[in-house]
Amino acid sequence: MDPLNNTQPGMPESEAAVEARRLIDAWMSKPIQHYPTSFRDDTDPPAFGATPPVKQDDRRIVPAWAAGIAVASIGVGAGITGIGCGAWLVLQGLSSVTLNGVLMVTLPFAGLAMAATAIGGAISKARAAVTKTVYQGPVTHHTEVHNNSTTRGAFFARTRNEIR
């Protein structure tokens, strides 16, 4: 519908102008409503004792716990996606592995483990010397405990207790 070329009979131009002026004047005569953006309590606090509580509106849209869970879920999702991509890459590489290739890769590690076991066994046998001690005289037992406990680290914390 074209408002400039109206073929329907309607209100004449002069009556339309009078009606428009009446509507604008009616709108302008209404008072403007101002909404306070702050509040100041001018009452004096009591000279002693607890101050009475003042109601303060809470206008948060999302609770803090919900925002925390949302952020944590995004982090967990990103971490799991990274782990999944890493697993996919590892499995893609393992899909083309042969038995000879696995044996050739693990052979140096098996040799190192065997050598470390042999050296550890030899050292433990050398240390285990048989001694027989005979004590003569009175025996007194005196125990003094000094406990120094220190904790280092935040995520993988390590506590060291030294008891002397």
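R21 and D25 form a salt bridge, with their closest N and O atoms 3.6 Å apart; the term means a side-chain nitrogen of Lys or Arg within 4 Å of a carboxyl oxygen of Asp or Glu. The model is predicted: local features need pLDDT of at least 70, side-chain atom pairs count only at pLDDT 80 or more, and totals for chains, interfaces and linings use all residues. Residues are numbered from 1 along each chain as its sequence is written, and side-chain values use heavy atoms, leaving out hydrogens and water.

R21 and D25 are four residues apart in helix α1, so about one helical turn separates them. Helices (H or I, at least four residues) and strands (E, at least two) are DSSP runs, numbered from the N terminus. R21 is partly exposed at 48% relative accessible area, and D25 is partly exposed at 40%; buried means under 20%, exposed over 50%, and partly exposed in between (1.4 Å probe, protein chains only).

The count of salt bridges comes to three. E19 pairs with R22 at 2.6 Å between the closest N and O atoms, and these two residues lie three apart in helix α1 (residues 13-28). The salt bridge between D42 and R40 has an N to O distance of 3.3 Å, and both residues are exposed.

From the N terminus on, the elements run α-α-α-β-β. Of the 164 residues, 0% count as buried. Helix α3 (residues 99-127) has 29 residues. A kink of about 40° lies at T106 in α3, shortly before the proline P108; the bend is the angle between axes fitted to the seven residues ending there and the seven starting there.

Key. Expected span 1.5 Å × (residues − 1).
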